[in-house]
Amino acid sequence: MKLLVLLVCNLLAWRVSETGSDAPEKLSTLAPGALSVKETFLVLSLHNKLRSKVQPPAANMQKLEWSEELGRAAGARAAACLGGPAPPRSPQLGWSEELQPAGTGGFAAVLERWFAEGRHYDYGTGRCAANATCGHYTQLVWATAGRVGCGRHRCAGGRGHSEAFACAYSPGGNWEVSGMPVLPYQRGPWCSLCTARLSGCFKSWDHGGGLCEVPRNPCRVSCRNGGRLDMSSCQCACPPGYTGRYCQVRCSGQCLHGKLRKEECSCLCDPGYGGAECGTKIRFPFHACDVQIDGDCFMVSPEADTYYGAKTKCQEKGAMLAQIRNQKVQDILAFYLSRLETGNRVTDTDFETGNFWIGLTYKTSRASFRWDVGEPSSFSSFAFGQPDNQGFGNCVEMQAAAAFNWNDQRCKTRNRYICQFAQEHISLWQQEP
């Protein structure tokens, strides 16, 4: 019995020590005046809910987004218990703040009070009723404000505890022109004045009201490996070490026997070397080419792979994906592919098409198709109506359904592929590596 009591006491002591050590650590992760993640979400959601309910209806009310920068500024203001001079008003920044006795309600109650000031606001004249305050309301519903950040802090004082609430808005509001107040929003049917830049209309949970919304990703592009999407160009800005339309290609880092293609972060190997870093001495094949055209050797793969997988496999052989520079090469390869024997067809059961990768890709930074060696494509054999994927198909295939003319395709598609050995590669076939 004594042993059981001792175990229970030890367990209680451990629980107390755990909660006692953890709680202060979790609180310390928030700066003074900063909101928790949950409170940030609730404050932002309530802002947008209230903005979407204004009367008369707003034609151009923008949906607010949370700003960490504004949140830090508002948190610092709240942590100072709103002491000192108020932050200066500017076109870039507007403020609403309030000091309330502790226990009179959280941020939800404060925002509801600010919005309730609208009962004293006359939209027709743009003025507030005598002896009433409307500045919190007009800033909260200032239509062109697009970002908000808020903070709160518990303050000690001679007359008891109080709580400071502060919100910063960008751009600011509450302006006058020649003594006439500027109206906070344009009156009209919900979202009827959303501009092309603000191309969506956000509806609240009950489908009432409406806010002009900037689509989070109008490009429908997702950048991988920490890349940043530029909304204006719908292109990914890749971090060091990655490239490709979606930052999906990792750089090899060094080219031991070759030159680095900076645009692709890949190596173009010297004759006789292969591998991702051109560090593997290649023992060249000693069999006949599938097709030999003007001294160059073309080999058709029996298996399928993605574009970048095919490029790597060709390079491991000391070759490169085929570069088709004139109509003669195109015609001969198209004729050969159309007459392939059964033994030359795909052996990998995971292939997706009957098409063949060649070494041509679309470079968004150059707005042009370029061969893997970096040169622009002066010759083209795209099928009728191609390319048609508007940048979403970055790699080029010879398409069976179009008499092996070219088509732009998603690079992750699994195709067969054609490797090409240049004359300087073939001359090494008779030499021991």
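Q: Which residue does C223 join through a disulfide, and where do the two cysteines lie?
A: In this predicted model, a disulfide with an S to S distance of 2.1 Å involves C223. The pair links distant parts of the chain, 13 residues apart, with C223 in the loop between β10 (211–213) and β11 (228–230) and its partner in strand β12 (residues 235–237). Both cysteines are buried, and the partner of C223 is C236.

Q: What is the handedness of the link of C223 and C236?
A: The S to S distance of this pair is 2.1 Å. With -90 degrees about the S-S bond, the link of C223 and C236 is left-handed.

Q: How many residues apart in sequence are the parts that C191 and C201 tie together?
A: A disulfide joins C191 to C201 at an S to S distance of 2.0 Å, and with 75 degrees about the S-S bond this link is right-handed. C191 lies in the loop between β8 (180–181) and β9 (200–202), whereas C201 belongs to strand β9, so the pair ties together parts whose separation in sequence is 10 residues.

Q: What is the handedness of the disulfide of C289 and C297?
A: C289 and C297 are joined with an S to S distance of 2.1 Å. C289 counts as buried at 18% relative accessibility, and C297 counts as buried at 0%. The torsion about their S-S bond is about -125 degrees, so the disulfide is left-handed.

Conventions: Residues are numbered from 1 along each chain as its sequence is written. This is a predicted model: local features need pLDDT of at least 70, side-chain atom pairs count only at pLDDT 80 or more; totals for chains, interfaces and linings use all residues. Side-chain values use heavy atoms; hydrogens and water are left out. A disulfide is a pair of cysteine sulfur atoms within 2.5 Å. Helices (H or I, at least four residues) and strands (E, at least two) are DSSP runs, numbered from the N terminus. Buried means under 20% relative accessible area, exposed over 50%, partly exposed in between (1.4 Å probe, protein chains only).
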